[in-house]
Structures are given as structure tokens and as C-alpha cells.
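This report is for a reader who is new to the structure shown below.

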Amino acid sequence: SLPYHLTFHTLFLHSLHSNFTFSPIPTLTNQTPQIQYPINQSKIPSFESKATVPDQTTPTQNIIHPLQQMRENHPSTNSEEDQRSSVLDLARAEITESSTSKTRNYGGFPDPASGSGPSEPQAPFPDQVLENVLENVLHFLSSRRDRNAASLVCRSWYRAEALTRSELFIGNCYSLSPARATTRFTRVKSVTVKGKPRFADFDLMPHDWGAHFTPWASALAQAYPWLEKLHLKRMTVTDDDLDLIADSFSGFRELVLVCCEGFSTHGLASVAAKCRLLRVLELVESVVDSEDEEEIADWILCFPESQTNMESLVFDCVECPINFEALESLVARSPRLKKLRLNRYVSMAQLHRLLLRAPQLTHLGTGSFSAAEPGVVGELEPDYTAAFEACRSLVCLSGFREIWADYLPAIYPVCANLTSLNLSYADVNAQQLKAVIRHCHKLQIFWVLDSICDEGLQAVAATCKDLRELRVFPVDAREDTEGPVSEVGLEAISQGCRKLESILYFCQRMTNAAVVAMSKNCPDLVVFRLCIIGRYRPDHVTQEPMDEGFGAIVMNCKKLTRLAVSGLLTDRAFEYIGRYGKSVRTLSVAFAGDTDTGLKYVLEGCPNLQKLEIRDSPFGDGALRSGLHHYYNMRFLWMSSCKLTRQACQEIAQALPNLVLEVISNSVENAGDDIEILYMYRSLDGPRDDAPGFVNILH
């Protein structure tokens, strides 16, 4: 087939030939139409423009720290490829607007930069026609990666892409300034901003490192008064920020805060009271300040009586009681409500009342899933089974934070329709799981604790033939424990769930044979994260390194983009990754590695590597220097508890001035020559100006 940019070129030349009319995008074929175009060839954009482009995102998981922050109650719907930052093309910000005077159509308005009103109709310039047609074409592009590529073609594509972009994704809040983003993209309606790297979830980064949303809030309020959606992840958000959001965006519809902190119920109350068009409010694994019970605001009650637009309400992470009567009233007057996730203060009896009010739910987080008073007589309890049975549209079930196993049969009627089941907070055993899982033939996403043992995983493999994503979390993540899941469960899953695309598996023992079987039985794996709890643990049967198992994964799984390795590994494992892992974009290494040569294999052999996260590994200065040629193409590098020196980090900073190298200590006093944490990322605007004292930015 034609290269992507050539099919694009053919498309809008074809549009020009059709009397400049544009209908819905035609099907792209392999044949270039043989048409003589009456166009000056010098006006056709060049496709040879290149640029080195930064973009940022997130790290991966710790293998022995408690995992509460990992278990977000909604599986991610974004592909790894789609998580490429939408600000890639901002590296071309030095491209200036053409100084030639041309009249352009901005959606029925004159060019705001022209300073003039309507004028007499004139024949359009060829460049103007080209750009108008291009803008129409770009409206059909939804992938951030495709848009980034289009913006790098030439100046006119750069301008047109910015004018047609309505969704902005910032993978690292320090990769550029808010002013640069809002100046470039002027018609944005939806913004996503990510802050701290993922290792912050496991106390590997000091609490007050940064990622403040305040400067972004001010810039967005001024630039986009029409903003409708805001998604934040690992940001520090204050009540004042939430007040500004509520006051600034009259048409605001959607607020999602994932792993955020710094705000309280007062900020939520402001959003609930003032955002009258609000449809989505989701608080996922965020920390809501509720230490002072006397200061807790009744934020659910603040939703106005006229609020009937709610489509999603998620507050399972809010650790304080809520006004249930106000919640029940809100649910009752929200006929479009599809997603509802409750916190542990909502009892089973209250859940029953809510289900009767909202049988249209598709996603439900059950809250505590236990009786308010364990001594309640069974005859007085509501018919929970009938309430669940009435929810015929339910496809996603989560919650179960304080599960009472006697209530599990109540969910049997909805199991046959479930595509997603999250039991990662439910300490159920194999027998209890079997009774549930045997009904779940359509299940595609399953999160669970390792308390189900290998026996439970075998039951999953026998029933869930359409499973695409599996995550198994440990109940006890200590190194000196004998884990209940092993290579037996992993091999059973590989044999029974051959459509598997993503797996996160925590265990204390594993074999190369089981991992090799996974690579052969599940060749469509995109994400493979095997976390062997304990330092440098070998194949527990042969006592050999785990090299061959991980080597088979990168050899046989051609679609693999994300890989997490652990256990006893030699340089041979990293040589396999460098030789065969050509599509790997995220690599996480924990408690593994041998010499600097191993990391050199990876940095020289993985051209698409974007995110590299290493902790508690023996890699040192030589490994760090081996990536000089590739760091500008990466989103970030994280190395903690490795063998780095300040001198080597300083050399990298001098050699690559457009990178930001943050040397992070656990305290201001502990700042010697040895590096505790190195966090390196790209920024278009240089080092940040809000670094605390324990962060030393190298120049």
C-alpha cells in the first residue's frame, strides 16, 4: 500500500479536482488516480520535513510494594500506541506563520489576526484552497499519533492541524509550558494532563515533588472558556483549582481525577454546585482530604435539583461518609446514568435501593458489599438477587471492598453478560470464585487477588475463552512468603485463554517453561508484565536464570509493546530484548540485571523504546552513557537505586541540553555523589521553576 503521507496527498488533490467540494472521506486505495491536476507543482506540500519530537507519559509498577494504587477500578481503554503524547509536534513550534497576506475562512469568521472585517469576494489563492481542503480532511483524523505526523509535513499542515485539534493530551506537565500549549492550539475542548511518573504511587518519589495543576488551571481558564472535558492524572489539585474550573467553564461537562491529591470535599462541592451541565465526575484512586470530620462538605447534596444529565459518577476512593438520601435522589433523577461506583460507606441494603432506581446501569462499583449490621436476620433483608437481575445492561462489575461471601450469589444473574469483572479488593478463595466464574463466559477483562490460588486460575482458563486482559495482584507482597499462585496458574491461562492480549502476574516462583508456553499459546500479547516477588529469583525448578522465558516472549509475541521483567536475569535476556523487541515502547526492570552491557543491548537495539523504568538494579554509568544516541527519541528515563554517579549524569546533561535531568534525593541533606533517583525527560521550555530543595536539576 502507499505510504501514509502519500495517500493523504492523493486524497486532497482528489478533493481539489472535484470542484473543491468535500464530502465524507473516501476510501483510500492502493491505486493513485491518474488525473492531470491543474495545480502549480511548487505549491504542493513537501513530505520530507523531519523533526525530533518530544513526548511524555508514564512509568510502571513496583513488584514488592503494596499495590493499592495500581488497582484502578476501570481498565484502561487507551492502547499503548494511543498514549503517545499529543504534543509531539510542539517541537516544531519554531515554525512561524507565513507573512504573505491571504484571506482565510475560519468557520465563517474572518482571520482573527487580520484585524479586518468582511471584504468583497475575491478569487481564492491556491494556497488558501489547499489549506481549507486540508482542514476538512484533518477533521476526520482522531488518532493523536496520526495528527502529530501530519503536523510535521510543512507549515500549512502545521497550521491546519492546530486549528482542527479539539483534544489536547499532555503526557508530562513539565514537557512544555501551559502558555506554549494554549498558544499553539486555540480551539481545544478537551484536555488531558499527566503529572508525576508512576513510581510515585509506590512511595519512590517524595510526596511534595511537584506536578501542580495551578498554572495549568489558570492558563486553561483564560484560553479555553468553552472547555468541556478535563482529565488529570497524578497531579496536585487544590480546592482553589476546582473553584476556578467551576467558575470559568460555563459548558463544562466532564471531570476525571485519577491518582490526584491535594483537594477536599469542598472543591467537589464547588464543582457539583456550579457546573450545571456536568455529566461525568470520576474520582479514581485519588486522595480526598477528609481528616477533619467537622470540615467535610456534603458535596453530593450540592448537585442542583435541576441536575438530570449525570452519565457517570465514580467516588469509590472517597474515604468519608456521604449523604445517602441526596445520592439516591440524584440517581433517581438521572435517567442517563450508566456508570456508578460507590465507596465503602454504602451498605448492601443501600445498594439495593440504588439498583431499583437505576436498572439502566452498565458499570457498577458495589461499595462495601457487606451488611451494615452483621446480625441482621436474613428474612428482613431485601431481595438482592432480584435487584441485580433487573439490571440487564450491566457489563462491568467492580467494588467488593468489604465483601461478605454470603452475598456473592446475588450477582449470579448478571454474570452471563459481564465483559469486565474486578475482584482485586475481594479476598475470595478458589471455591468462592468458581461459583462466580462458571457463569462468566463472555468475560474479557478480569482483575483478581492471588488468594484464588492456581486452582482458581485453572477455573478461569476453563471458562473464559474470550479473555483479553488478566491482572493477578498479591494479597501479601513480602519476599519471604510462599505465594499461592505459580507457573501452574500461568500455564493454565496460556492454554485456555488464547486470545489474551495483556497480562500482569505477581508470583513468588516461576519457570522458563511456563513463560515459553505463554509466548507460544498467546502470540497476540501486547502487554506482558511478570513480577516475580523477591530479588534475583531463578527458575524454581531448574535454578537457571529466566533468560529463555523472557527471550521467548519477545521472539514470539510480535505485537508486544510493553514488557516488565524481573527475577534472575543475565545479559543474555537483555540481548534477546534488544534483538527481537523492535516494537517494545515501554520496558520496566525491577530487581534484575547483570552488567552495563545488558542495558546497552536494549538502548542500541530497541528503536521504538519510549519509556524505560529501572529500579534496584546494578546498572551504572556505562549503561547510562550507552543511550546518548537515543534519549532525544524517548519520553523519559527513570533509574532509582542503581549505580549511577553525579559525574556521569552531568555529562549527559552537557551532551543533551534539551533534556531535563532531575537528581532526586529523599531529603535535602542527603545529596552526595551517589544518585538515589534520576528522572530524565524532554522539555520544550527547559527546566521547571517549582523544583523543591531535594531536586537538583543538572545543566
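## The chain as a whole

Of the 699 residues of the chain, 58% count as buried. The model is a predicted one. Its secondary structure comes to 21 helices and 25 strands. Contacts between residues at least 6 apart in sequence join, in 75% of cases, residues at least 24 apart. The chain exposes about 28700 Å², and carbon and sulfur atoms supply 50% of that area.

Confidence can be given for the chain as a whole and for one stretch of it. The average pLDDT of the chain is 83, and 79% of the residues score at least 70. Over residues 1-120, however, the pLDDT is below 50. Beyond near neighbours in sequence, this stretch has 272 contacts in the model.

## Nonpolar cores

In soluble globular proteins, nonpolar side chains tend to be buried together. The largest nonpolar core of this chain has 183 residues. F388, F446 and F528 have the most contacts inside that core. Leaving aside neighbours within four places in sequence, F388 is in contact with residues including M348, L351, L355, L364 and F369. Also among the contacts of F388 are L394, L397, A410, I411 and V414. A second, separate core has 8 residues, among them A150, V153, C154 and W157.

## Strand β18

F528, named above for its contacts in the largest core, is also one of the residues of β18.

One of the residue pairs can be named: the bridge partner of Y505 in β18 is L530.

## T481 in its loop

Where does T481 lie? T481 is in the loop between β16 (469-473) and α15 (487-496). Is T481 buried or exposed? The relative accessibility of T481 is 17%, and buried means under 20%, so T481 counts as buried.

The side chain of T481 reaches the backbone oxygen of R478 at 2.9 Å. Apart from neighbours within four places in sequence, T481 is in contact with D476 and Q508.

Notes
Residues are numbered from 1 along each chain as its sequence is written. This is a predicted model: local features need pLDDT of at least 70, side-chain atom pairs count only at pLDDT 80 or more; totals for chains, interfaces and linings use all residues. Side-chain values use heavy atoms; hydrogens and water are left out. Helices (H or I, at least four residues) and strands (E, at least two) are DSSP runs, numbered from the N terminus. Buried means under 20% relative accessible area, exposed over 50%, partly exposed in between (1.4 Å probe, protein chains only). Contact means heavy atoms within 4.5 Å. Accessible areas come from the Shrake-Rupley method with a 1.4 Å probe; for residues, only the protein chains shown count as cover. A polar contact is a pair of N or O atoms within 3.5 Å; within protein, one must be able to donate a hydrogen and the other to accept it, and residues adjacent in sequence count only if both atoms are side-chain atoms. pLDDT is the predictor's confidence in each residue, from 0 to 100. A nonpolar core is a set of buried Ala, Val, Leu, Ile, Met, Phe, Trp, Tyr and Cys residues joined through side-chain atoms within 4.5 Å. Two strands pair if DSSP finds at least two bridges between them.
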